[in-house]
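Subject: Structure for your review

Dear colleague,

Please find below the structure that I am handing over to you. My notes on what was found in it follow directly after.

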Amino acid sequence: MDQKKVAVVTGAGSGIGRNAALALAKKNFAVVLAGRNLQSLNETASMAGGADMLAVATDVTRPDSVAQLFEKTQAAFGRVDVLFNNAGASAPPVPFEELTAQQWDAVVAVNLTGAFLVAQAAYRVMKDQTPQGGRIINNGSISAHAPRPNSAPYTATKHAITGLTKSLSLDGRKHNIACGQIDIGNAATTMVNTISTGVIQANGSLLAEPTMPVDHVGEAIAYMAGLPLETNVQFMTVMATAMPYIGRG
């Protein structure tokens, strides 16, 4: 029997990360669940119906914690085939001039520095393992293309993720490492509950926006993850059809 492919999912304790982890498990991946809250990770694992899952409490902003994540992954499963680089945070939606340096730093630490640290650790494993290579899928956002009002830290970091994706795609070629990005709009998770009740638009009005089932996001990630390494989805946008993205602003 062929060895299962191994996927690492950050932010796997809820929302998109949880859904992606469960979708990967259905595709017969062994899945390593990373996140700050071990109880939430264990809840995700309990939903998987006995699939191969390992929960590892991880703070993606700390290099030592990220290193431990991949050490435990290799000890348990021997390799890393896929990373879904998903952990993220946002600042309060306050006017730009009211943002504090601490709020800015907190978002950059998770969304950008954390994404870099996890991608770099996965890249090192993928480069050195036999067979060589793997796939990194970065979670961008519709905000990697068009901002919402009062979202400078989140929007800036998601634009930066696109640059990270392109750099990894280029630098990874010689090591058989593919990198793509999924940009998600209005998936129905607890994080976006307010979108269905009303969110500020570019003109200052409050508008309830359509959402889509989060299961479609997990399916999209599983599709990207399941491709052979000679094929890559460089960028995918999956979104609620009627949400204000095309024409936003």
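In this predicted model, helix α3, which covers residues 63–77, packs against helix α4 at an angle of about 35°, and the two axes are 10 Å apart. The crossing of α3 past α4 is right-handed. On the α3 side the contact involves P63, V66, F70 and Q74, which meet L117, V118, A121, A122 and V125 of α4. Sorted by class, the residues of this contact are eight nonpolar and one polar, with no charged residue.

Two packed helices are described by the angle between their axes and the distance between the axes. The other helix pairs are reported below in these terms.

Helix α4 (residues 101–128) also packs against helix α5 (residues 152–172), with an angle of about 15° and axes 9 Å apart. Because angles under 35 degrees count as roughly parallel, α4 is described as roughly parallel to α5. The crossing of α4 and α5 is right-handed. From α4, the contact is made by W104, V107, V108, N111, L112, A115, F116, A119 and Y123. From α5, the residues taking part are A152, P153, Y154, A156, T157, K158, A160, I161, L164, L168, D171 and G172. The class count for the contact of α4 with α5 is 16 nonpolar, three polar and two charged residues.

Helix α1 (residues 15–26) and helix α2 (residues 38–46) form a further packed pair, at an angle of about 35° and with axes 10 Å apart. Here, too, the crossing is right-handed, as α1 passes α2. R18, A21 and L22 of α1 make the contact with S40, E43 and T44 of α2. The contact of α1 with α2 divides into two nonpolar, two polar and two charged residues.

I turn next to the spaces within the model. How many cavities of 30 Å³ or more does a search of the whole structure find? The search finds one. The largest cavity holds about 70 Å³ of space. This cavity is lined by 13 residues, and those closest to its centre are N85, N86, A87, N111 and A115. At least two lining residues come from each of α4, β5 (134–139) and α5. The largest share, four residues, is supplied by α4. By class, the lining of the largest cavity has five nonpolar residues, seven polar residues and one charged residue.

P131 is placed in the loop between α4 and β5. N28 is found in the loop between α1 and β2 (30–35).

Yours sincerely,
A colleague

Terms used
Residues numbered from 1 in each chain as written. Predicted model: local features only at pLDDT ≥ 70, side-chain atom pairs only at ≥ 80, totals over all residues. Heavy atoms only, no water. Axes fitted to C-alpha atoms, helices over the stretch in contact; angles between N-to-C directions. Parallel < 35°, antiparallel > 145°, perpendicular 65-115°, else oblique. Left-handed = near helix turned anticlockwise from the far one by under 90°. Contact = heavy atoms within 4.5 Å. Nonpolar A, V, L, I, M, F, W, Y, C, P; charged D, E, K, R; others polar. 1 Å grid on protein atoms, 1.4 Å probe; cavity = no way out; pocket = protein on both sides within 12 Å on 5 of 7 lines; lining within 4 Å. Points joined across faces, edges and corners; volume = space filled by probe spheres on them.
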